[in-house]
Amino acid sequence: MTKQLSTKKTYKLDILNGKSEIYLMPRTGDVYQFRMWLKTEKKVLRKSLKTRDLNSAIELAEEKTFEVMNDLKSGKELFGITLKELTERYLEYRQLDVDSGYITPARLGTIRSQINALLRIKDGNLKLSELNANSLRHWRQMRNKDNPSVTIVTIRNETATINHMFRWGYPKYSHFPELKFEPIRMKKSDIGRRDVFTPSEYKDLYTFLGTYCSKKECPNEDIRWERLMVRDFILILSNTLMRVGELKQMKWSDVLKLTPATTELGRKVTLVSFKVRAETSKNRVSREVLTRGGEYFMRLKTNAKFTTPDDLLFTNKTGTHPLGQRELYKHWYAIMKGIGIDNHKTRKLSYYSLRHFGITTRIRAMESIFTIANTAGTSVSHIESHYGHIDKKMRTNAALKDIRMSWEDTETL
């Protein structure tokens, strides 16, 4: 039987009035050990001083004690946390950004999704000390293996969020300020590509919604109420060019005015004037907008259960929360199947695609890029770079436009 060495200290000496100590034990022989209680972390820091000389041990222990005290004063945690713990603390920090209005809840949702991708790639139980700056160098290949359909734009955005998290955590949690990723080369077509309905697909969508919400198709009143909400959610998005998050957070007090009007072709429509509050806008800038689609706001108010100024346009059945993602996408999948778009997931057609469809439609109608950008709450350069895929019909129309000028003008050419 192997004899167990005693754990009793054979020698102990307090350092700096008891802030730490050095000691000897049978199992460490005559090599001095260092010990210090960390009150803030409720743990004991132990370290071999790797010397048999008492005076050297005292000197090393004093240096180590001052070093630890300075680290604690600066807020550094001396016991490493796990990758999962880092992500949890980072998300708590970003929640404060939501509470202060710096970012939107939708943006936090995107960040959380990006963090979840990281935890699928790397074990969350790994200590940060086990990682180094090159641990995710091949992130693109890792993500393609995790999800072959992930886009290069998504991958690039994920690397930005991950590095922001590590910069935030350095030096308190992490021993390096950021990760080194392989350069991600993107073509302009990667940046500008958008999933959008064709005009015929949108016509099918618009037509099918009438059937989908009918009493004959859906006799259950609770389910039919959800369908009515989703129908107007879809039509308002495509007519107003709002972002999904902006519409989900819109209140009835944000709807300013409804005005009957007649289009160039004599069609009766209702214009709607509304505001998007800065705290719900992606770019944190408020805007007032005038668009078509007022009839959908009017119909929504008739069907909605909660319509006071402080109520959201689209709520759950109790009016306590926005209409949930689960409900929205349950109906979205049913609608896509109903209009025969079985590959909507592959094409990434979603509620966000309705904004793209609305912007593309305005461009095809030869509306001013400046007006479109103002309505959508984005920049002119963004519209030009992301929607520059002008189709053949648009180019033909542009080429056939007449330029009127006087003879006097031609003399200066």
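Throughout this tour, a residue is called buried when its relative accessible area is under 20%, exposed when it is over 50%, and partly exposed in between, with a 1.4 Å probe and protein chains only. The structure is a predicted model, in which local features need pLDDT of at least 70, side-chain atom pairs count only at pLDDT 80 or more, and totals for chains, interfaces and linings use all residues. Residues are numbered from 1 along each chain as its sequence is written, and side-chain values use heavy atoms, with hydrogens and water left out.

**Helix α7**

Select Tyr206, which is partly exposed at a relative accessible area of 43%. Tyr206 belongs to helix α7; helices (H or I, at least four residues) and strands (E, at least two) are DSSP runs, numbered from the N terminus.

Now display the whole of α7. Its 14 residues should span 20 Å at 1.5 Å a residue, and the end C-alpha atoms are 20 Å apart, in agreement; the expected span is 1.5 Å times one less than the number of residues. Which residues of α7 are buried? They are Glu201, Tyr202, Leu205, Leu209 and Tyr212. These residues cover an arc of only 95 degrees around the axis, and therefore lie on the same side of α7; the arc is that of the directions from the helix axis to the C-beta atoms. In an α-helix there are 3.6 residues a turn, so residues three or four places apart point the same way. Turn to the other side of α7 to find Pro199, Lys203 and Thr207, which are exposed.

**The second largest pocket**

Select Asn239, Arg267, Arg292, Thr361 and Arg362, the closest to the centre of the second largest pocket among the 25 residues that line it. This pocket holds about 930 Å³ of space. On a 1 Å grid over the protein atoms alone, a pocket is an open set of points where a 1.4 Å probe fits, with protein on both sides within 12 Å along at least five of seven lines; lining residues have an atom within 4 Å of a point. Grid points are joined across faces, edges and corners, and the volume is the space filled by probe spheres set on the points.

Colour the elements that give two or more residues to the lining: α7 (199–212), α8 (221–240), β7 (287–291), α10 (294–303), α12 (351–364) and α13 (369–376). The largest share, five residues, comes from α12.

**Cysteines**

Select Cys213 and Cys218. Cys213 is buried, with a relative accessible area of 3%, and Cys218 is buried as well, at 4%. How far is the sulfur of Cys213 from the closest cysteine sulfur? The distance, to the sulfur of Cys218, is 8.2 Å, too far for a bond. The whole structure has zero disulfides, a disulfide being a pair of cysteine sulfur atoms within 2.5 Å.

Go to Leu16, in the loop between β1 (11–15) and β2 (20–24). Its phi is near 50 degrees, a positive value in a residue other than glycine, and Leu16 is partly exposed, at 24%.

Met366, in the loop between α12 and α13, has a phi near 65 degrees, also positive in a residue other than glycine. Met366 is partly exposed, at 37% relative accessibility.

Finish at Thr40, in the loop between β3 (33–38) and β4 (43–48). Thr40 is exposed, with a relative accessible area of 66%.
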